[in-house]
Amino acid sequence: VILAGFTSDPGEIYDDAAVTLTTSQSEGFSQVLLESFAHGVPVVAYECHYGPRDVIRPDVNGYIHEFGDVEAAADSVVRILTDHRLRVRLSAGARETVTQFSPDRFERNWVRLCSEVASRPPRHLVTDLPTQQAERSLPPGSRARIGLATALRGAIRRLRGRRRR
């Protein structure tokens with residue numbers, strides 16, 4: 001194991017890696033997983049709140065183990081390092097997985113979700129939400145009181161406008 005320190009080019013490190021091991025006890029959505037997958041590097045990780053379970057598919061792009069199960073994580077790392085066919089298969093699975101998280105697909109999913117929510121009848125009001133249209137007709141310092149569906153429709157229009165440019 002070499003602890004090489006900071007690098008300004010992590011891609012260079014991933015290109016030479018055979019496996020990424022993450023041992024976090026808690027994560028948000030881990031960018032490290034997607035960076036590894038983008039370079040065809042399988043991941044061994046502990047199960048933790050959010051993140052790994054949403055991305056790692058056991059025996060497809062890596063392995064996930066209960067937090068603290070050092071033996072199981074070590075066994076998975078050793079298997080990947082010593083079984084060339086397995087490493088090649090997991091690497092292909094990693095590259096396939098990362099395509100599910102492209103910026104275009106992410107944006108399409110958000111627009112679709114916002115459109116679905118915006119098409120529902122309003123049940124709640126979003127208070128203290130400034131909007132350009134509402135602010136024009138309000139005294140300075142006032143805030144608009146608009147429905148969530150109205151706020152989402154405006155956001156969707158802006159996103160679609162940005163995509164056309």
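What share of contacts between residues at least 6 apart in sequence join residues at least 24 apart? In this protein the share is 44%. A contact here means heavy atoms within 4.5 Å.

This is a predicted model, in which local features need pLDDT of at least 70 and side-chain atom pairs count only at pLDDT 80 or more, while totals for chains, interfaces and linings use all residues. Residues are numbered from 1 along each chain as its sequence is written, and side-chain values use heavy atoms, with hydrogens and water left out.

## Overall layout

The protein has eight helices and five strands. Both kinds of element are DSSP runs numbered from the N terminus: helices are H or I with at least four residues, strands are E with at least two. Along the sequence the order is α-β-α-β-α-β-α-α-α-β-α-β-α.

There are 165 residues, and 30% of them count as buried. Buried means under 20% relative accessible area, exposed means over 50%, and partly exposed lies in between (1.4 Å probe, protein chains only). The accessible surface comes to about 11500 Å². Carbon and sulfur atoms hold 53% of that surface. Such areas come from the Shrake-Rupley method with a 1.4 Å probe; for residues, only the protein chains shown count as cover.

Start with strand S2, residues 43–46. Val43 and Ala45 point one way from S2, and Val44 and Tyr46 point the other way. All four residues are buried. In a regular strand the side chains alternate between the two faces of the sheet.

S2 pairs with strand S1 (residues 20–22) in the parallel sense, over three bridges. Two strands pair if DSSP finds at least two bridges between them. Thr20 stands opposite Val43 of S2. Between these strands comes a helix: S1, helix H2 (residues 31–38) and S2 make a right-handed β-α-β unit. Right-handed means that, with the strands pointing away from the viewer, the path from the first strand over the helix to the second runs clockwise.

S2 also runs parallel to S3, and four bridges join the two. Ala45 has Ile64 of S3 as its bridge partner. Tyr46 stands opposite His65 in S3. Both faces of S3 are covered. Gly62 and Ile64 lie on one side, Tyr63 and His65 on the other, and all are buried.

## Salt bridges

Side chains of opposite charge can pair when their charged atoms come close. The structure holds two salt bridges. The term needs a side-chain nitrogen of Lys or Arg within 4 Å of a carboxyl oxygen of Asp or Glu.

| Salt bridge | N to O distance |
|---|---|
| Arg53 and Glu47 | 2.8 Å |
| Arg89 and Asp59 | 3.5 Å |

The pair of Arg89 and Asp59 links distant parts of the chain, 30 residues apart. Arg89 sits in helix H5 (residues 84–98). Asp59 sits in the loop between helix H3 (52–55) and strand S3 (62–65). Arg89 counts as partly exposed because its relative accessibility is 41%. Asp59 has 34% relative accessibility, so it too counts as partly exposed.

In the other pair, Arg53 counts as partly exposed at 45% relative accessibility. Glu47 is partly exposed as well, at 22%.

Most residues other than glycine have a negative phi, and most peptide bonds are trans.

## Helix H6

Helix H6 spans residues 103–119 and includes Ser115. Ser115 is partly exposed because its relative accessibility is 23%. Leaving aside residues up to four places away in sequence, Ser115 touches Ile156 and Arg160. Ser115 and Arg157 are 42 residues apart in sequence and 10.0 Å apart in space, C-alpha to C-alpha.

Phe106 also belongs to H6. Phe106 counts as exposed because its relative accessibility is 52%. Together with Trp110 and Leu113, Phe106 forms a nonpolar patch on the surface. The patch has about 330 Å² of accessible area. Patches are made of residues with over 30% relative accessible area and no salt bridge; like charges are joined within 9 Å, and nonpolar side chains (Val, Leu, Ile, Met, Phe, Trp, Tyr) within 5 Å.
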